[in-house]
Each structure stands twice: as structure tokens, then as C-alpha cells.
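Here is a friendly briefing on how the parts of one protein chain meet. Take a look at the model first, and then we can walk through it together.

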Amino acid sequence: MVILTSVLTTGALTLTACGSRDDSGSKSDSDSGTTFTIGVDAPLSGENSTTGLGIQYGVQVAVDDANKNNWVPGVKFKVKALDDKAQPATGQQNATALVGDKTVLGAVGPLNSGVAQSMQQVFTSANMVEISPSNTSPDLTQGKNWQTDKKRPYKTYFRTATTDALQGSFAADYAYNGLKKKKAFVVDDKQTYGAGLAKIFNKKFADLGGKIAGTDHVNTGDKDFGSLVTKIKNSGADLLYYGGQYDESSLITKQLKDAGVKIPLFGGDGMFASTYIETAGKASEGDLATSVGVPVDTLPAAKQFVETYKAKGYKGDYGAYGGYSYDAASAIIKAVKAVKDANGDKLPTDINDLRAKIVDAVQKSDFQGITGKVSFDEYGDTGNKQLTVYQVKDGAWKAVKTGTATG
């Protein structure tokens, strides 16, 4: 178990050029400039850790690039990664630890929308920027009544991933018009992300003319889905849509196929990970998932990122959010430079003033990242609305449709 206030100090995370972290000041031991910290919050162990580690090391590559290429002259950066174990209460504790560290200028994460809800107020109270590469719940940026009255609840919160309002509809359109499926059974894990995504898919699929054969819910951590499989089998559904993470969906699809129900399972970005295929085995063949953006391996601007990630032997899956984590960290670092440039080539000495100015600078972000143009609208949502549908073919995720979502 990771102690919440500790820094992960593996060789991969400690930047030797920056020296060790010193909370009483930000002078590097081995550099005459100033060293600041980029925080990371994600599940680094247990459930969802495959994608969580992808976030951690996506940020690490960005920080290494910033230091190597002198993105902010006179300033170096290091990473402080905390494990939230996909638990909201732990995420909130981690947020408190990060804002309490006076070298931390901003944070990347979390992975899960439900965890984000517990962290937003902490970061806002400290006026410190938080950028998630993976949160997709519309509530986080547009408020609980986003469908009828959009209001941004937290000005310090941003994301480089597009929302479920677009992802759920994109999936429903592909299921109905692309796969020609007409009868879907919809299941979710009762969590903020999963339940929200399933609800949007459900409505869009029905609006298109599809029939909802049934709905049900599971609990995170469940292993035996026998009763659910029976319900799906008896419903006559030709598609199972699942709102949740790969931990449960990989077991559901295996038990479904073992029971002779040969229909595809379709989910969101929460199950777009190599672990899904590894756990489900051959049962995953033909299953589908949507994910934000386009395949990072196909992006020329991300070529060096992918090569570096692999060469370093970093754990986790960079395919889902690694690139978006890199761009999130880049947005914070570029904001630091913007603040420095606007302040006579020096940074404000008061940490609270510096953090507040970074929030304002992030809002004005406008640069080409490795995943595309990085910018944020008035709600803090990304300007990159691209989504991709992936399908398991020959034991690997293959992109079958990429497009710009319109809702």
C-alpha cells in the first residue's frame, strides 16, 4: 500500500538532474535553476492500474522531455505520483497531499470520474490546476444539469478527454448503423462513469430505433455473473452494452460466451486496455470499445512518445490515455512558461499567486500536442472531439471507425 503523502521514488520517477524534492523550497540540489513538481493521481495498483500506470508514465515522458529540451528556461520539473486505488476517498486525500506540497504547481488525473468528484473542491480551494486525461462524465465540467443548463462548477478543472455525452452517442450510432444491431441489453457498474455512459447509450440507441432488451447493474469487484448471463441469454439481445471498466467486463464476456451466448460486448474507454483481452482470452474476439481521440500509434506527432515509452520499459498501457496524459502535463508546463514570460521572465514568488496564474494560462492553452490540438472551451472541456471505435481482431484491439463526435 502506498502511503498517501509519500513520493514514488523508483528510478523511473526520480529525475536525477533535478535532485531530491524539498518541500521547504524549490531549489534543485544539482541544478542552479528552480525545480517544481507535477502531481499525478491515478490507480497505480489493483483495479484499473493498467490504464492508471499509463497515465503516470505518460506524464513522466512529458516531464523528461520538458527538462531535456528546456521548455521553461531556468525551471526543471519532477513527478509526484500518488495511488488512489480507484477510490474517491483516497483520491481526496491525495488531492489534499498534493496541494499541501508547495512545490506542486498542478496535477494530472485522476482516471475515474467518480474519484474526480471527490477531488475537484480540494484543488479549487487551493486554486491549483487539475487536468484529467480520461474523465468523461459531463457533470464534471458542465454541472449536474448539463443536459438543460450547462454551468461550469470548478474553474480549476480541465480535461483532455472528450465526454460521455459524445462517447455514448458515438457508440450507439455505430452499434445501430454500423453493426446493424437492433436489440441491446445494457449493463452498468453503478459508478459515475459507467452508469452515466450506459444511460447515454441507452437513450441514443432507442432514439435511433433500436430496442432495449433489458437493463441491469453489477458491483465493482464482482466475479460471478451467472444470473446476469441468464438474463441476457433469455432477452434475445444481439448486443451487450457495458458501462464500466475492464475488470468486470472481461469476466462478463467470458462467462457469456462460455454459456453459448455469442453476441459482442461493447463498452467505453474504461475497457479499452490490453488487460481486457488478456483476461477474457478468445472470448473477447469481436468485442468492441470506444476510446477518446485516434490511435496514438498512428499519430506522427506521437511517434517519439511511443518509442520512448517502450524503450524505457514503462508498465501500464499507454494506448488509452498515455498520449492525453503527456498533453495534459505539457499544458501545465507550457502554462508555467507563459506565466514566466508575462512576468518579466521570472515566476511569482508566492505559490498561491503562481498557481492562480497557471490556471488562467491553462485556460488559454492553444498548441499542437502529440494527440492533436490542445485547447479548452469555457467549461474546461477539450477542443479535441475525436473518438474511435476499436474491435478485438486476432487478439488485439484494431480501430474500425474514427470520427469527430457531434452528440
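Between domain 1 and domain 2, about 1,600 Å² of area is buried, and carbon and sulfur atoms give 50% of it. Buried area here is the accessible area (1.4 Å probe) that two parts lose on being put together, summed over both. This is a predicted model, where local features need pLDDT of at least 70, side-chain atom pairs count only at pLDDT 80 or more, and totals for chains, interfaces and linings use all residues. Residues are numbered from 1 along each chain as its sequence is written, and side-chain values use heavy atoms, with hydrogens and water left out.

- Domain 1 covers 34-162 + 296-376, while domain 2 covers 165-292 + 388-404; the bounds come from an automatic or database domain assignment.
- Taken over C-alpha atoms, the centres of domain 1 and domain 2 are 29 Å apart.
- Their contact (heavy atoms within 4.5 Å) takes 21 residues from domain 1 and 20 residues from domain 2.

**Helix 11 and helix 12**

- Helix 11 (residues 318-342) packs against helix 12 (residues 351-363) at an angle of about 110°, with 8 Å between their axes; axes are lines fitted to C-alpha atoms over the stretch in contact, and angles run from 0 to 180 degrees between N-to-C directions.
- Helices are DSSP runs (H or I, at least four residues), numbered from the N terminus.
- That angle makes helix 11 roughly perpendicular to helix 12 (65 to 115 degrees).
- Residues making the contact include Ala331 and Ile332 of helix 11 and Leu354 and Lys357 of helix 12.

Terms used. Helices (H or I, at least four residues) and strands (E, at least two) are DSSP runs, numbered from the N terminus. Angles under 35 degrees count as roughly parallel, over 145 as roughly antiparallel, 65 to 115 as roughly perpendicular and the rest as oblique.
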